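Open the model in your viewer and keep the selection panel at hand. Each stop below gives a selection and what to look for.

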Amino acid sequence: MTDASDPHTAPPPGRADAPLRAVHPLRETLYHEVHARPTQSMAAPLLLSHLALVDADPAAVREHLCTLLANRHLPVPGAQESHIISSFGGAHLRWEQHTEFHTYSFWRQQAQDAEPEPLAAVPRDWLAALPGQCLLGLHVRVVKAGAARAETIPASARQWLHEESLIGAHVFDKGASVYTDLRLHADGFGRWVVVVRDMSDAQLGRLAQCILDIETYRMMALLGLPVAREVGRALAGAERDLAQVAERIRNAESHHEPELLKQLTRLAAEVEGLYARTHARFSASQAYFEIVRQRIEELREERQATLQTLREFMEKRLHPAVQTCAWAARRQQALSERISRVSNLLQTRVEIEQQVSSQQLLRAMSGRQKAQFLLQAAVEGLSVAAVTYYSAGLVAYAAKGAQALGVPVSPEIAAAVAVPFVAAAVWLGIRRLHHRVQAEVD
């Protein structure tokens with residue numbers, strides 16, 4: 001009989017008899033993400049060939065890979081898998097699908113230099129039909145250390161690489177040494193040499209992966225450099241146009257302002273369009289460069305003789321290129337802000353002129369309204385006189401009729417007496433009409 005309170009007998013969390021109350025749908029995916037691309041153990045000596053391709057449809061990449069594996073009756077990757085390791089013809093294949101690129105790594109144990117390269121096990125027509133564009137081709141030769149001193153550059157490195165541009169260092173606490181010239185050779189591939197001294201197969205696999213990551217992400221980071229140069233030329237023209245517009249604003253007449261505003265709008269649209277097209281590329285270059293730095297840190301380089309280390313080379317050559325991309329991005333942002341300030345300045349000037357014009361118009365309208373009021377008052381006075389005159393005439397006619405009927409009344413006296421009363425009645429009527437109209441307006 002077990003006690004549920006005993007930690008040694010209590011069921012572990014996650015078992016069916018101890019279910020969790022609520023599980024996030026992505027829990028397992030996120031938990032296993034750190035193991036999505038495990039490092040493969042490798043043993044020296046071997047030759048590794050690596051390809052990185054860009055601008056390919058992921059569906060076409062997966063279909064092409066499945067064709068190779070299916071023809072050899074090997075398991076194919078699932079629809080959601082982004083990584084697979086397989087073996088055929090004495091060679092090993094590692095495929096990875098990344099956000100912007102996909103890679104193939106082939107390696108084969110090579111006890112002697114005469115043994116075929118790992119790519120020899122792959123059909124040439126299949127390699128020629130790889131989807132996308134090949135950004136990186138790389139050969140890595142791994143050999144065991146001979147009897148020479150650790151500080152001596154091995155003959156394999158001198159023969160396989162350009163000695164005048166050789167860089168290298170001890171890595172992994174002097175468990176191995178790495179050498180490269182970071183050049184393209186006659187076959188279109190770059191080359192590295194790894195000399196193994198005291199290193200396990202798992203460590204060698206991690207070292208090989210670091211080298212492949214450094215080269216792959218270095219090339220991906222450099223994709224932003226041509227874009228930065230193109231952006232620099234475009235921004236130079238935009239900055240000249242902005243300076244000309246700003247100079248014209250200083251002395252421009254009011255009728256020139258619509259044209260200047262149109263030019264600024266067009267310039268802002270060009271800069272924002274350029275920013276939208278290149279911002280992602282520059283951000284990616286910075287991110288890839290940080291990965292390169294991290295992988296170099298993982299190597300734990302120690303200087304060998306007079307060779308330049310990989311860190312020193314990358315800081316001198318790759319870092320300025322990435323900084324050029326960052327500078328282009330900052331220059332775009334600064335130009336956009338300058339255009340915005342000049343546009344605000346021009347709009348403020350237009351608004352001030354509009355306010356002045358509005359004030360002048362209001363003053364003119366006020367003057368015309370005052371004149372209309374005076375004219376209306378004069379017309380109203382004339383109207384009172386005219387109505388009084390005609391009303392008094394009617395009273396005189398009425399008095400003449402009464403006199404003809406024998407009523408003792410003088411038409412002249414009756415008209416004279418009626419004039420003030422009629423005038424007062426007409427004036428009061430007009431005032432009442434004024435008050436009624438004003439009340440309806442208010």
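**Stop 1: Leu204 and the core**

Select leucine 204. Beyond its neighbours within four places in sequence, leucine 204 is in contact with Met42, Ala43, Ala44, Val142, Val194, Val196 and Met199. This is a predicted model. Leucine 204 is one of four residues, with Val140, Val194 and Leu207, that touch the most other members of the largest nonpolar core, a set of 43 residues. Helix 5 supplies the largest share of this core, ten residues. In soluble globular proteins, nonpolar side chains tend to be buried together.

**Stop 2: helix 5**

Now select residues 201-222, which make up helix 5. The helix has 22 residues and reaches 32 Å from its first C-alpha to its last, close to the 32 Å expected at 1.5 Å a residue. Is there much of helix 5 left open, or is it largely enclosed? Of its 22 residues, 16 are buried, so helix 5 is largely enclosed by the rest of the structure.

Show the strands too. Helix 5 lies across strands 1, 3, 4, 5, 6, 7 and 8. Its angle to strand 5 is about 150 degrees.

Pick arginine 218 in helix 5. Is arginine 218 buried or exposed? Its relative accessibility is 14%, under the 20% cut-off, so arginine 218 counts as buried. Leaving aside neighbours within four places in sequence, its contacts are Leu182, Asp213, Val292, Met314 and Leu318.

**Stop 3**

What is their order in the open sheet? The nine strands run 2-3-4-1-5-8-7-6-9, with mixed pairing. Strand 2 (83-88) and strand 9 (302-303) are the edges, each pairing on one side only.

Go to strand 5 (residues 133-144) and strand 8 (residues 190-196). They pair in the parallel sense over seven bridges. Then move to strands 2 and 3, which pair in the antiparallel sense over six bridges. Across that pair, isoleucine 84 has tryptophan 95 in strand 3 as its bridge partner. Two residues separate the strands in this hairpin, where glycine 89 takes a positive phi near 60 degrees.

**Stop 3: two histidines in the strands**

Select histidine 139, in strand 5. Histidine 139 stands opposite arginine 191 in strand 8. Histidine 139 is buried, at 2% relative accessible area. Show its contacts beyond four places in sequence: they are Leu48, Ser49, Glu117, Leu119, Trp160, Asp187, Phe189, Gly190, Arg191 and Trp192. For a distance check, draw a line from histidine 139 to valine 356. The two are 217 residues apart in sequence and 75 Å apart in space, C-alpha to C-alpha.

Next, select histidine 102 in strand 4. Histidine 102 is also buried, with a relative accessible area of 1%.

**Stop 4: helix 2**

Step just past helix 2 to histidine 73, where phi is positive at about 55 degrees.

**Stop 5: backbone details in the loops**

Zoom in on alanine 44 and proline 45. A cis peptide bond joins them, with omega about 0 degrees. Proline 45 sits in the loop between helix 1 (27-31) and strand 1.

Phenylalanine 172 is not a glycine, yet has a positive phi of about 50 degrees. Lysine 174 has a positive phi as well, near 65 degrees. Phenylalanine 172 is buried at 10% relative accessible area, whereas lysine 174 is partly exposed at 42%.

**Stop 6: confidence**

Finally, colour by pLDDT. The average is 84, and 92% of the residues score at least 70. Over residues 1-11 the pLDDT is below 50, and this stretch has five contacts in the model beyond near neighbours in sequence. Where pLDDT is low, the predicted coordinates should not be read in detail.

Note on methods. Residues are numbered from 1 along each chain as its sequence is written. This is a predicted model: local features need pLDDT of at least 70, side-chain atom pairs count only at pLDDT 80 or more; totals for chains, interfaces and linings use all residues. Side-chain values use heavy atoms; hydrogens and water are left out. Two strands pair if DSSP finds at least two bridges between them. Helices (H or I, at least four residues) and strands (E, at least two) are DSSP runs, numbered from the N terminus. Contact means heavy atoms within 4.5 Å. Axes are lines fitted to C-alpha atoms, for helices over the stretch in contact, and angles run from 0 to 180 degrees between N-to-C directions. Buried means under 20% relative accessible area, exposed over 50%, partly exposed in between (1.4 Å probe, protein chains only). A nonpolar core is a set of buried Ala, Val, Leu, Ile, Met, Phe, Trp, Tyr and Cys residues joined through side-chain atoms within 4.5 Å. pLDDT is the predictor's confidence in each residue, from 0 to 100. The expected span of a helix is 1.5 Å times one less than its number of residues.
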